[in-house]
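User: I am new to this structure. Please show me how to read its features, one at a time.

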Number of protein chains: 2
Amino acid sequence: MRPADELRDTVEAYLGSLRFARELGGLEQALRYSLESGGKRVRPVLCLAVAEACGGRVEDALPAAAALELVHTFSLVHDDLPALDDDAERRGRPSTHVAFGDGVALLAGDALLAEALRLALTYESDDVARDLAEATLGMIGGQYRDITGDDVDLDELHRLKTGRLFVAAIRLGLDVAGVPETERGAWLVFGEDVGLLFQVVDDLLDGDGYAERLGHEGTSRLADEVADRARARLDELTVDTSVLRQLVGALAVRTG
Amino acid sequence: MRPADELRDTVEAYLGSLRFARELGGLEQALRYSLESGGKRVRPVLCLAVAEACGGRVEDALPAAAALELVHTFSLVHDDLPALDDDAERRGRPSTHVAFGDGVALLAGDALLAEALRLALTYESDDVARDLAEATLGMIGGQYRDITGDDVDLDELHRLKTGRLFVAAIRLGLDVAGVPETERGAWLVFGEDVGLLFQVVDDLLDGDGYAERLGHEGTSRLADEVADRARARLDELTVDTSVLRQLVGALAVRTG
């Protein structure tokens with residue numbers, strides 16, 4: 001089993017080596033800028049770790065893992081636009097629309113989504129592409145609830161906006177390793193828990209969402225509970241989940 | 001062979017019956033509004049006509065045809081946003097962002113693209129989805145050249161921005177009918193010609209692009225030439241292309 005930081009380096013190198021459609025021309029620069037954000041690559045690393053834990057090869061899971069990161073990046077680029085959150089910075093750098101203009105950022109986000117699906121389509125089976133498209137739609141549904149405040153149930157909103165892509169990270173790892181539907185139960189619940197853990201810690205760091213609803217103490221307690229639940233899911237599995245346990249630990253104590 | 005207007009009605013009914021991802025929630029309204037634009041459905045009708053001319057069934061080609069229209073609609077919704085063309089109207093109605101707000105329109109466009117690929121993935125073979133994703137990237141590359149004015153060659157710009165989706169309409173029809181790569185030559189060149197014909201007539205109606213470069217007379221002559229070329233391509237084919245000939249005729253004389 002490769003440790004999490006080695007998986008992360010592998011993802012980083014693979015993302016850097018991706019070749020985009022030639023016809024994008026100069027737009028490629030905006031895609032690369034958006035992808036080189038210095039993020040933690042949590043979703044692709046999860047995907048690789050799940051694939052490897054289930055007997056798949058890390059190399060075989062790389063296109064799926066990268067496709068997840070492309071979808072995540074597309075959502076950030078569009079979220080940062082003035083039409084949505086209007087955030088001028090992302091991880092201490094000008095966000096894509098500030099660096100390249102609103103129109104180019106809009107098109108860069110579109111292209112990242114299309115490239116993600118093209119990458120997911122390099123597999124012989126359709127499962128990866130189909131699971132990714134469905135998760136993307138769920139995520140967009142979450143973003144919609146977030147901006148309209150329509151029928152907003154905070155748990156439902158996060159289950160969609162953040163959770164769907166985390167569950168997809170697990171699901172794509174299982175797809176690549178060829179794990180049958182009947183053996184996926186505990187894995188997918190683990191995906192839900194990891195997504196929730198990520199969100200709860202995010203809210204704790206930003207002081208919004210769950211932190212507004214439950215206070216700092218209560219949110220901190222919730223994060224511990226969810227992390228314990230995620231670890232308990234891993235205990236139900238009969239494979240070596242040490243790297244995933246390491247990832248849960250890192251998510252539970254992250255500070256940025 | 002079903003005539004073009006019957007194919008168009010079939011497309012219209014199929015688009016109206018599409019079921020979108022439940023998780024989109026209220027966003028679905030914006031997708032439906034954008035799709036119910038009263039457009040001519042040129043791309044999906046071309047796709048159906050090609051599939052039928054090559055021995056495929058219209059019903060089997062409907063998901064591919066609808067996926068093309070979803071990609072086209074996604075591009076219009078994003079193009080109309082203030083970040084790009086800032087058009088308040090589309091075919092005499094408020095454009096999506098005017099009707100629903102910029103943020104919802106942005107997400108609706110994203111969802112239309114993801115739904116298009118989900119629909120393209122309902123085929124057993126990956127060809128439809130892969131060809132659609134690649135055409136979408138080419139189209140986005142064309143939009144990028146259009147807004148940046150970078151290295152702009154008008155022919156290349158249109159070949160990408162308009163042409164890629166027209167060629168995809170032909171290609172997807174061939175995919176559905178199972179026409180082998182080796183027998184596609186004349187068909188794909190026909191696709192290029194139809195895309196160019198559409199664009200030249202568009203510029204003639206809007207008084208920009210080719211009309212600015214060649215004047216009204218010259219552009220009108222170019223439209224006739226391209227229509228003749230498209231008909232000549234159809235003559236090279238050994239199947240019944242009467243419906244496609246009818247479509248070329250309609251595109252050559254359209255007034256809106």
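Analyst: Helix 1 of chain B covers residues 4–17, which is 14 residues. From its first C-alpha to its last it reaches 20 Å, close to the 20 Å expected at 1.5 Å a residue. Keep in mind that this is a predicted model.

User: Which residues of helix 1 of chain B are buried?

Analyst: The general idea comes first. An α-helix has 3.6 residues a turn, so residues three or four places apart point the same way. Now the case here. The buried residues of helix 1 of chain B are Ala4(B), Leu7(B), Thr10(B) and Val11(B). They cover an arc of only 115° around the axis, so they sit on the same side of the helix.

User: Which exposed residues does the face turned away from that buried side carry?

Analyst: That face of helix 1 of chain B carries Asp5(B), Ala13(B), Gly16(B) and Ser17(B), which are exposed.

User: What do the buried residues of helix 1 of chain B pack against?

Analyst: Three helices of chain B: helix 3 (42–53), helix 4 (58–80) and helix 11 (242–252).

User: Now the whole chain. How many helices and strands are there in chain A?

Analyst: Chain A has 11 helices and 2 strands. Read from the N terminus, the order is α-α-α-α-β-β-α-α-α-α-α-α-α.

User: What radius of gyration does chain A have?

Analyst: Chain A has 18 Å. A compact globule of 256 residues would have a radius of gyration near 18 Å, so the value agrees. Along its principal axes, the C-alpha trace of chain A spans about 50 × 45 × 30 Å. Of the 256 residues, 55% count as buried.

User: How do I read a nonpolar core?

Analyst: In soluble globular proteins, nonpolar side chains tend to be buried together. In this model, the largest nonpolar core has 184 residues. Those with the most contacts inside it are Leu132(A), Leu197(A), Leu132(B) and Leu197(B).

User: Which residues is Leu132(A) in contact with, leaving aside its neighbours within four places in sequence?

Analyst: Leu132(A) is in contact with Ala67(A), Val71(A), Ala116(A), Leu117(A), Ala120(A), Ala168(A) and Leu172(A).

User: Next, the contact between the chains. How many residues does it take from each?

Analyst: It takes 41 residues from chain A and 41 residues from chain B. On the chain A side, the elements that give two or more residues are helix 6 (102–120) and helix 7 (127–148). Helix 7 gives the most, with 14 residues. By class, the chain A side has 21 nonpolar, 9 polar and 11 charged residues.

User: How many residues of helix 7 of chain A are buried?

Analyst: Helix 7 of chain A is mostly covered, with 17 of its 22 residues buried. Its length fits too. At 1.5 Å a residue its 22 residues should span 32 Å, and its end C-alpha atoms are 32 Å apart, which agrees. Gly149(A) follows helix 7 of chain A, and its phi is positive, near 65°.

User: Which residue follows helix 9 of chain A?

Analyst: Gly207(A) follows helix 9 of chain A, with a positive phi near 70°. Helix 9 itself has 22 residues (185–206) and reaches 32 Å, close to the 32 Å expected.

User: Which residue other than glycine has a phi near 50°?

Analyst: Arg91(A) has that positive value. Arg91(A) lies in the loop between strand 1 (89–90) and strand 2 (93–94) of chain A. In chain B, Arg41(B) has a positive phi of about 55°, although it is not a glycine. Arg41(B) lies in the loop between helix 2 (27–35) and helix 3 of chain B.

User: Is Arg91(A) buried or exposed?

Analyst: Count the C-beta neighbours. Arg91(A) counts as exposed because it has 11 of them inside 10 Å. Arg41(B) counts as buried because it has 24 inside 10 Å.

User: Where is Asp155(A) found?

Analyst: Asp155(A) is in helix 8 (residues 154–177) of chain A. With 12 other C-beta atoms within 10 Å, Asp155(A) is exposed. Asp155(A) and Tyr210(A) are 55 residues apart in sequence, and their C-alpha atoms are 9.2 Å apart in space.

Definitions and conventions
Residues numbered from 1 in each chain as written. Chains lettered and ligands numbered in written order. Predicted model: local features only at pLDDT ≥ 70, side-chain atom pairs only at ≥ 80, totals over all residues. Core = buried A, V, L, I, M, F, W, Y, C linked by C-beta atoms within 7 Å. Buried ≥ 20, exposed ≤ 12 C-beta atoms within 10 Å, placed from the backbone. Contact = placed C-beta atoms within 7 Å. Helix = DSSP H or I, 4+ residues; strand = E, 2+ residues; numbered from the N terminus. Nonpolar A, V, L, I, M, F, W, Y, C, P; charged D, E, K, R; others polar. Expected span 1.5 Å × (residues − 1). Arc of directions from axis to C-beta. Rg over C-alpha atoms; globule rule 2.2 N^0.38 Å.
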